[in-house]
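Subject: Structure handover

Hello,

Here is the structure we talked about handing over. My notes follow below it.

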Amino acid sequence: MDGGGAAELREAHRLTGHSDRVWSLAWNPFTGSGAGPVLASCGGDKAVRIWRRSLDGAWHCSDVLEDTHNRTVRSCAWSPDGKLLATASFDSTTVIWEYSGGEFECVATLEGHENEVKSVSWSSSGSLLATCSRDKTVWIWEMQPGNEYECVAVLQGHTQDVKMVQWHPFLDVLVSVSHDNSIKVWADDEDDEWHCVQTLTEADNCGHSSIVWALSFNKKGDRMVTCSDDCTLKIWDTSADLSQPKTGDDHESWRHLSTLTIFSAHLSSEDIIASGAGDDTICLFTEEKIRMVEGPSYRLILKKEKAHDMDINCVRWCPQVMSVYWQQKKVS
Amino acid sequence: MTVGMINANPVVHERPERAAHPHAANALDPLDVFDTVRDIKDPEHPYSLEQLSVLSEESVSVDEKLGRIQITFTPTVQHCSMATVIGLCLRLKLMQNFPPHFKIDIKVAPGSLANEESVNKQLNDKERVAAALENPNLRQLVDECLCSNF
């Protein structure tokens, strides 16, 4: 995608198989062995599907992980080495799957949350996992030998349902976003105690004025995007001191040009922001190359209306290929 | 769960005459939407939402061009703990009867409920709605409210 030509978003493939809405997607980050991209999807049919591209370029569903979660699977995430898949469910558990002997098997079940788990995220080192729930807490788990996971922190502070957690791309710093409209940053101190080092709110930090649904970091870790029911995307400058993310001198607040809810946003490796929304559109934004006096500005590259027949629940850039995949509310 | 009813003596209204109303065959009339929800049973009392004045024809507005349905309902008391259940009933009934591309907004009438803002937020949080409808006890209560005949 060059700066001069007009950008276009074209549907390349349609993956069908789920029998209920698809909530979330995750690309396997492992790029070696020439095996081609692998995608995991999960949803209301309580199943997780693994999709691979064959040599002829066609996509097929290679595995269905079912009969394990007994409610909606809300989110899934691959470990950094691509060998493990974590799935978070409304059944209050998080399951760890390992690919072995040609199939995925459940190697651990993380229990403890009081009700629905909404999101799961692996730290860049692969040794820490974070989960969050409607019980308003964020849990941090440490991987031990033999597929054991020990809970090392139960983080309280949010006053409502926590929607998503995401680790910084290379620091052991965790961000959570919530139905309570705030964004919290968590880090540990010299005594390995985890605590909240920053809360980004509407009143103090030009934060969101409604439910915050999602966040995404860029590869360099100096930019974070959050999206909310207030119909805006906010870009945060997280370069200087990560325990103090700020939005710059003037707060940068984007309109997705959507009249409804934004459900997902994702930054590509080239710092292009893709967002999907409740008005069925996908927008792509980029940072202007020429820096203005007031700070970085962003422009809309393209807006694709009716990308789906219904709400867009999740958008994700494929790490290997310059294309974006999205999942809709219901796949028939 | 509270012991005893929130509102033990609700005001019950006569079931109004149902006049036939002419409208274009393909248009989505707010009255069609109202007809779908008026007979939903209140979770606590053996009366419909219409009979208890929780809903009326004015409760519904439709924007067919934008594909949106909006319903505003009035709980019978300011501290109604059943407001979220009523909201769920409304949403499920609409989801079952109208095409999935319709965006549905459900709110309590302004000033009608003490914790209005938090209830409206929950009722329109699609993730909370999905999880609530997967809760077997809650789902059973909602299904009972939807199945009643008046």
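Start with helix α2 of chain B, residues 83-97, in this predicted model. At 1.5 Å a residue, its 15 residues should span 21 Å. The expected span is 1.5 Å times one less than the number of residues. The end C-alpha atoms are 21 Å apart, which agrees. Helices here are DSSP runs of H or I with at least four residues, strands are runs of E with at least two, and both are numbered from the N terminus.

α2(B) is largely enclosed by the rest of the structure, because 11 of its 15 residues are buried. Buried means under 20% relative accessible area, exposed over 50%, and partly exposed in between, with a 1.4 Å probe and protein chains only. Among the buried residues are B:Ala83, B:Ile86, B:Cys89, B:Arg91 and B:Lys93. What covers them? The cover includes α1 (30-37), β2 (68-73), β3 (103-108), α3 (116-123), α4 (126-134) and α5 (136-147) of chain B.

Conventions, briefly. Residues are numbered from 1 along each chain as its sequence is written, chains are lettered from A and ligands numbered from 1 in the order written. The model is predicted, so to speak with limits: local features need pLDDT of at least 70, side-chain atom pairs count only at pLDDT 80 or more, totals for chains, interfaces and linings use all residues, and side-chain values use heavy atoms, with hydrogens and water left out.

Chain B as a whole:
- It has 5 helices and 3 strands, in the order α-β-β-α-β-α-α-α from the N terminus.
- Of its 150 residues, 44% count as buried.
- Residues 24 or more positions apart make 66% of the contacts with a separation of 6 or more; contact means heavy atoms within 4.5 Å.

Now the rings. There are 5 aromatic pairs over all chains. Rings of Phe, Tyr and Trp (its six-membered ring) pair if their centres lie within 6.5 Å; planes under 30 degrees apart are stacked, over 60 edge-to-face, the rest tilted. A:Tyr99 and A:Phe104 are tilted, because their planes meet at 50 degrees, with centres 4.8 Å apart. A:Tyr99 is partly exposed at 40%, whereas A:Phe104 is buried at 11%. A:Trp139 and A:Trp141 are stacked, at 5.4 Å and 25 degrees. Both are buried, A:Trp139 at 13% and A:Trp141 at 5%.

Ring pairs also link A:Trp78, A:Tyr99 and A:Phe104 into a cluster. A:Arg52 lies over the face of A:Tyr99, 5.2 Å from the ring centre. That call needs NZ of Lys or CZ of Arg within 6 Å of the centre and within 35 degrees of the ring normal.

Best wishes
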